[in-house]
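Biologist: I would like to learn how to read packing features in a protein model, one at a time. Could we go through this one together, with the general idea first and then the case?

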Amino acid sequence: MSGCYYLLPWWQFNRLWIIAIPLIFIAVVSGFLSVLALTKADTTISPFIPQQTARLVTRGIYQYSRNPMYASLLLLLTAAVFIYGEVSTIMGIVFFIVVINHYQIEPEEKVLLTLFGEEYAQYCRQVRRWF
């Protein structure tokens, strides 16, 4: 047995970890970059108070995705499918996408459209919601 088994007994390396580890890395980096971009723009990072958005952030990671924080969470859930190897975890991904789209992203987009008007509408036409 390898030293990793004794140090980290939950670590049962298999080929699926080769996929999961990069997904986790990309998720953490993209989540960090999205929070950094919002902080630099001096606007709220809380998804629960979109009314307090001071600026429309369209640079950095936000030029590739309108919702990089949610996309990073989606990548973590996808990594979980490979880590646990259970097809049933895919239902968690589907549930996450449906709930986040309907109860979080759509209401946020309505608020941002009200706050930033045509500038936000143009941004939506240029940048995809997820990836």
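**Aromatic pairs and a buried loop residue**

Modeller: The structure holds 2 aromatic pairs. Rings of Phe, Tyr and Trp (its six-membered ring) pair if their centres lie within 6.5 Å, and planes under 30 degrees apart count as stacked, over 60 as edge-to-face and the rest as tilted. This is a predicted model, in which local features need pLDDT of at least 70 and side-chain atom pairs count only at pLDDT 80 or more, while totals for chains, interfaces and linings use all residues. Residues are numbered from 1 along each chain as its sequence is written, and side-chain values use heavy atoms, with hydrogens and water left out.

Biologist: What kind of aromatic pair do F96 and W130 form?

Modeller: Their pair is edge-to-face, with 6.3 Å centre to centre and 65° between the planes. Helices are DSSP runs (H or I, at least four residues), as are strands (E, at least two), numbered from the N terminus. F96 lies in helix α4 (residues 89-126) and W130 in the segment after α4, so the pair ties together parts that are 34 residues apart in sequence.

Biologist: Are F96 and W130 buried or exposed?

Modeller: Buried means under 20% relative accessible area, exposed over 50%, and partly exposed in between (1.4 Å probe, protein chains only). Both F96 and W130 are buried.

Biologist: How is the pair of Y120 and Y123 arranged?

Modeller: Y120 and Y123 form a tilted pair, 6.1 Å centre to centre and with 50° between the planes. They are 3 residues apart in helix α4, and are therefore separated by about one helical turn. Y120 counts as buried because its relative accessibility is 4%, and Y123 counts as buried at 5%.

Biologist: Where does N67 lie, and which residues does N67 touch?

Modeller: N67 is in the loop between α2 (17-40) and α3 (68-84), and with a relative accessible area of 7% N67 is buried. Contact means heavy atoms within 4.5 Å; not counting residues up to four places away in sequence, N67 touches I105, E108 and R129. A polar atom of the N67 side chain lies 3.1 Å from the backbone oxygen of R129.

Biologist: Which residues of α3 are buried, and what do they pack against?

Modeller: Among the buried residues of α3 are P68, Y70, L74, L75 and V81, and the buried residues of this helix pack against α2 and α4. After α3 comes G85, whose phi is positive, near 65°.

Technical notes. Polar contact = N/O pair within 3.5 Å; in protein donor to acceptor, adjacent residues only side chain to side chain.
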